Amino acid sequence: MAIDRSRALERPLITARLRPDNTALLRVDNVTQQITENSEGAALQSLVRQIQAEAVRVERPVRVTVTAQTGLSFLVVDIDGAIEEESFMPFEELPKPWPPPEDSGDDADEAASEDPTGDAASEESVSDTASVSSVDEEGAGNDASDTAETDDQAAGFADDEPPAPGDSVKVGAMRPTANGDTTGDRIPVSSAPFTARSSYIAAGAVAPERPEPAEAPDQPETAARAVRSKAERPAASERASAPVRTRSAEEPGSKPLSDQARRDLLEAPSFLAEPTVVEPARQGFAGFVNHLGLRLPPGATERAERSDVEEISRHLSAHRTISVINRKGGANKTPTVVNLAAVFARYGGGGVLAWDNNETMGTLGWRTDRGEHDSTVLDVLASADDLLDAKAEFGQMSKFVHHQQADKFDVLRSDEDVAGTHEMTAAEVDVVHSIAAKYYRLIFMDSGNSDRAENWLRMLDHTDQLVVPTTTMEDRAQAALLTLQAVQSRSEKAAELACNAVVIVSEWQPKESSISERMADDFRPFVRDVVIVPFDPALKAGRIQHSALQPATRRAWLAAAAAIARGL
């Protein structure tokens, strides 16, 4: 069950810092505690237990800000040890150096330097933090001697009642976002059970049901029922010794079914259960702690990314052609083709071709890796009969295309003869497309700038999904709009392509998010989807390699590819 964050208190003010030297620093209001363990995972577990003890002390969930190698996390920790991440800022988006030097103003370390009591105060803070006290309505605590607990008691385990094998603790999933505001909108996320007692300790959690103080007048009825249910549950020894009850022949359930009630065997459901295992989180703070032995599920952002990857990874029953068009040069057509082909090839397992369908000479070959030959589309046309022969093998195509080793797709270059006069015709586009469809499952066509050329118009006839790129420059955006309008007027099929197009707005300069958002809003009412790609200097010039892009840029291209996949 998700944590009820409306009950979470802003006080005590809790901050924590995880260090790579197996230590952690916890600050609760003005009290600082140093945690030292023999491993990074143990330090994290101790830190979670201490934060949970604070939640038990105030009898409500508490918020904590955690500084770690991976970034800055804002967590909510409940009384039962469940953890949810309200937001996460990766270290790439935080001021450098990260983590900040410990003498540069880290909250927890400042608290340590301001603590005038030295070691004695630190020891006192350990005791104060580790102890669990019951507080009545007026806030008065019980006597310290009555509230001191052992480690197992502080973790929610009575001396005579270990957790039953069926018990479980829900541990909230992390949600990594760029929003660092702990008081903004918060999205509840899923949770995963831990069923062994060792897992309780590893997660810093306690038993799932912890009775409230008997004198609390506002205890919910549901909690009371849960306490009664636990009290009435037989002990493990009783459950083990209980006789197994079998059905006798005289009982109604053992009677054979009538002929009318019997069903055909072919209608029987499968006994094989659908797979329900969720791979643990790999990103954000959840991914970090999972490397230390936990298995927290992914948060909302990581689940969204996995959903996009699933869309892109699907293989369809026939080839699909995606045409990237804009009648204006410099509108980012070639980078769009390269990155989309790279994403589909990386996640879908190859079989992707990027084809420069410029009527004369395009730039796709300039911005991608060259193979061990100089073949172009004209060489494919010259060998069309051999390539279309029923006995032709896939390996024959390798001497005409240029394989991108890092990004796993192939490039078919346009004519590169600077003195050449050849212009691609509609019939030649048909021939080359037939060859491409035989050898590849996905074909990305990089168009020229003339939407009146034969090859340009015939490209539309082969298109299954239209992609219209533009930059944040106004003339490129206007050209994208005019291109869509021209396509819409061509035919009924072309009009449907324009209506279901995906527009990709690439930021041409840094800090142009307001411009890109405005352009995206202007396009959204007229097309199926619009995706914004942030500025990335690796896309400005030279050869393009998807892995060289910044993480935010790669994530944007993944979202763009998923939007295209949904239209295929």
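Salt bridges and their surroundings

Mentor: R57 is partly exposed, its relative accessible area being 28%, whereas E54, with a relative accessible area of 3%, is buried. Bear in mind that this is a predicted model. The side chains of R57 and E54 form a salt bridge, with an N to O distance of 2.8 Å, and both residues belong to helix α1 (residues 40–58), where they lie three residues apart and are therefore separated by about one helical turn.

A second pair brings together R555 and D308, whose side chains meet in a salt bridge at 3.1 Å, N to O. This pair links distant parts of the chain, since R555 lies in helix α19 (residues 551–565) and D308 in helix α10 (residues 300–313), 247 residues apart. R555 counts as partly exposed because its relative accessibility is 26%, which lies between the limits of 20% and 50%, while D308, at 11%, counts as buried. Both R555 and D308 also take part in a network of salt bridges that includes E305, D529 and R566.

As background, side chains of opposite charge can pair when their charged atoms come close. Counted by the distance rule, the salt bridges come to 19.

Key: Residues are numbered from 1 along each chain as its sequence is written. This is a predicted model: local features need pLDDT of at least 70, side-chain atom pairs count only at pLDDT 80 or more; totals for chains, interfaces and linings use all residues. Side-chain values use heavy atoms; hydrogens and water are left out. A salt bridge is a side-chain nitrogen of Lys or Arg within 4 Å of a carboxyl oxygen of Asp or Glu. Helices (H or I, at least four residues) and strands (E, at least two) are DSSP runs, numbered from the N terminus. Buried means under 20% relative accessible area, exposed over 50%, partly exposed in between (1.4 Å probe, protein chains only).
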